[in-house]
Amino acid sequence: MNSYTPPLQDMVFALEEVCNIRSFAAMEEFESFDPDDLHHVLAEAGRFASEVFGPLNKTGDSLGSVRNPDSTVSTPPGFAEAYDSYVEAGWGAAAFPLEYGGGGLPWAMGLALQEMLTASNLALSLCPLLTQGAIHSLLAHGSPAQKAEYLPKLISGEWSATMLLTEPHAGSDLGALTTRAERADDGSYRLFGQKIFITWGEHDMTPNIIHLVLARTPDAPAGTRGISCFIVPKFLPWQDGSPKMRNDIACIAIEEKMGLHASPTCVMQLGESGGAVGYLIGDENAGMSYMFTMMNNARLGVGMEGVGVADRAFQQSLQFARERLQGRRPETPAGKQSAIISHPDVRRMLLTQKSLVEATRSLCYYNATAIDLAKAHPDKSERAKAQELCDLLTPLSKSWGTEVGEMVASLAIQLHGGMGYVEETGVAQYFRDVRITSIYEGTNGIQAIDLIARKLPMRRGAVVKELLEQIATTAKEMPDELKTLREPLEEGVESARRCCDWLLAHPGDNALAGAVPFQRLMASLVGGWLLAVSSQASLRMLPAASGEEADFLRAKQVTAEFFCTQILPEACALEHAVTGGAELLYALAPEQMR
Ligand SMILES: Cc1cc2nc3c(=O)[nH]c(=O)nc-3n(C[C@H](O)[C@H](O)[C@H](O)COP(=O)(O)OP(=O)(O)OC[C@H]3O[C@@H](n4cnc5c(N)ncnc54)[C@H](O)[C@@H]3O)c2cc1C
């Protein structure tokens with residue numbers, strides 16, 4: 001009942017028609033990418049994800065990872081073997097540089113591979129995802145020796161990695177962290193402190209774990225300007241180079257959570273026996289800026305987690321709606337029940353799920369192509385433009401992808417009725433698992449602050465306005481066959497323009513008060529635009545298509561029309577909340593809020 005079928009045709013369509021991934025083959029950076037292999041590679045990865053990761057999703061949820069008295073953590077049965085197969089197949093390496101044993105594929109393709117892994121088993125997929133974050137940090141800021149030592153093993157997946165940022169009093173406010181790093185005579189550091197909520201901080205799937213830890217040196221300035229980033233391996237090299245010496249870092253507890261039971265969320269203690277040996281990455285006090293380097297990839301990856309889970313929840317909803325019999329529609333013979341898919345409100349739920357999944361998938365893939373172009377476009381000014389676009393889209397992908405994950409999983413429960421609320425069907429697990437995604441890697445509220453305070457002001461609003469101009473052009477040039485899309489897109493652009501002007505004119509609390517609704521409005525508009533682009537492509541391709549292919553292309557048009565005419569206007573109505581200012585939010589004193 002709850003198996004996962006990778007949506008290959010949709011994925012390839014989005015990559016080719018929305019992201020124009022075929023054009024990447026001409027770029028030197030992606031010389032190993034053969035666009036004709038796209039479907040085949042995704043199909044192989046999809047088979048792996050659904051057949052190897054997928055079957056462990058439910059057992060992982062019911063058994064969970066367990067901490068043993070000796071501080072080790074045992075993963076649920078089958079997890080270590082599945083992870084080994086993942087390493088052997090080389091999926092984790094696919095989108096990393098050839099130089100360190102990677103496959104040299106575009107990030108957009110790597111993200112599509114990730115979608116299928118997260119949809120199959122979010123808890124297990126987090127282990128390689130955290131490793132990816134560390135790889136990006138080391139690629140950008142590691143010394144040549146650090147790169148040579150760690151990257152090949154992390155890229156292959158032989159070793160995993162973690163990110164140790166959060167402390168009990170330092171969550172969103174990382175500037176408050178107090179973990180201490182003291183310089184040692186040999187140039188390394190000794191770290192002391194406690195980190196909480198560390199994903200896959202300890203486990204039995206790899207022979208070594210490389211922790212990236214944020215800490216402060218004794219003379220560091222206060223706040224985020226005084227944070228440094230360290231490599232703290234679980235095992236240090238012995239004389240023969242093999243990782244045998246246990247470092248002074250241990251998992252002292254794992255959290256009880258509402259979901260993601262198989263992913264151990266660890267409390268990590270550093271420095272109980274003389275200090276955890278750490279190696280500085282780059283310069284002291286520059287740790288936060290290094291974190292920002294990998295954040296675009298990591299935040300986009302979390303947005304994709306939401307989309308992956310949403311797609312799986314949609315697939316299961318569709319199957320249930322076809323099978324569950326309730327009520328009788330006029331076309332059903334007397335004395336028989338109809339499948340619930342024939343009821344209008346169930347249709348609404350399904351189309352809402354489908355259109356949200358396709359819109360957020362397109363947004364995330366498009367965001368990934370901006371990462372690729374920022375790195376690999378032969379023209380320097382195009383690279384700079386792509387980087388700006390990527391910076392702007394990242395908070396949108398992270399926040400909206402994860403909100404949609406929750407919304408679609410919640411709708412899946414609704415659509416299943418009581419069977420959705422009980423655990424048997426598995427949809428409740430999707431909701432429990434995906435709920436954290438809008439909190440970690442920077443809460444969605446923090447993403448919105450990033451959007452308002454850093455991204456909107458880029459070139460005094462011109463980066464956002466240029467994107468809106470592009471959307472307006474698409475709307476204006478919409479062929480008559482798709483004219484129903486024109487008006488909602490144009491209205492969306494106007495609404496977004498007014499919001500931008502208002503927000504830029506009201507910095508501070510007034511703008512911050514409208515940050516989350518603005519983020520939703522912008523993300524929905526960009527999602528609607530990308531669905532419109534895919535609708536245009538399908539119109540172009542339809543004359544040469546027949547049978548299932550033609551049905552698939554027509555479905556693209558229906559999905560875009562539903563989204564643009566019924567979901568986008570709801571998002572545009574958020575303009576009132578965006579421009580409402582902060583006064584009303586502060587009209588009640590904390591003690592009056594009851
Ligand atoms: C399952 C799980 C896995 C995790 N994995 C990791 C990991 O691997 N590594 C790691 O370092 N951390 C990890 N975290 C921690 C996670 O990143 C934090 O929980 C998150 O950053 C939020 O911090 P917090 O929980 O302290 O919430 P708080 O910062 O206390 O936020 C509470 C609320 O206040 C809001 N808020 C806070 N500050 C502001 C502000 N300035 N303006 C407006 N609103 C604000 C937030 O948006 C939120 O809604 C994980 C957490 C969980 C639960």
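Predicted model: local features only at pLDDT ≥ 70, side-chain atom pairs only at ≥ 80, totals over all residues.
Colleague: Now the ligand. Which domains give residues to the shell around it?
Modeller: Domain 2 and domain 3 both do, so the ligand lies between them.

Colleague: Which residues come nearest?
Modeller: There are 20 residues around the ligand, and the nearest are Leu165, Gly171, Ser172, Thr199 and Gly445. As for elements, strand S3 (160–164), strand S5 (189–199) and helix H13 (444–455) each give two or more residues to that shell.

Colleague: What's the make-up of the shell by class?
Modeller: Eleven nonpolar residues, eight polar and one charged.

Colleague: Switching topic: how many helices and strands does the protein have?
Modeller: You'll find 19 helices and twelve strands.

Colleague: And what does the C-alpha trace span along its principal axes?
Modeller: About 80 × 60 × 55 Å.

Colleague: What does the radius of gyration agree with?
Modeller: With a compact globule: 594 residues packed that way would give a value near 25 Å, and the protein has 24 Å.

Colleague: How much of it counts as buried?
Modeller: 51% of the 594 residues.

Colleague: Last one, on contacts between residues at least 6 apart in sequence: what share joins residues at least 24 apart?
Modeller: That share is 75% for this protein.

Note on methods
Residues numbered from 1 in each chain as written. Near = placed C-beta within 6 Å. Helix = DSSP H or I, 4+ residues; strand = E, 2+ residues; numbered from the N terminus. Nonpolar A, V, L, I, M, F, W, Y, C, P; charged D, E, K, R; others polar. Domains from an automatic or database assignment. Rg over C-alpha atoms; globule rule 2.2 N^0.38 Å. Buried ≥ 20, exposed ≤ 12 C-beta atoms within 10 Å, placed from the backbone. Contact = placed C-beta atoms within 7 Å.
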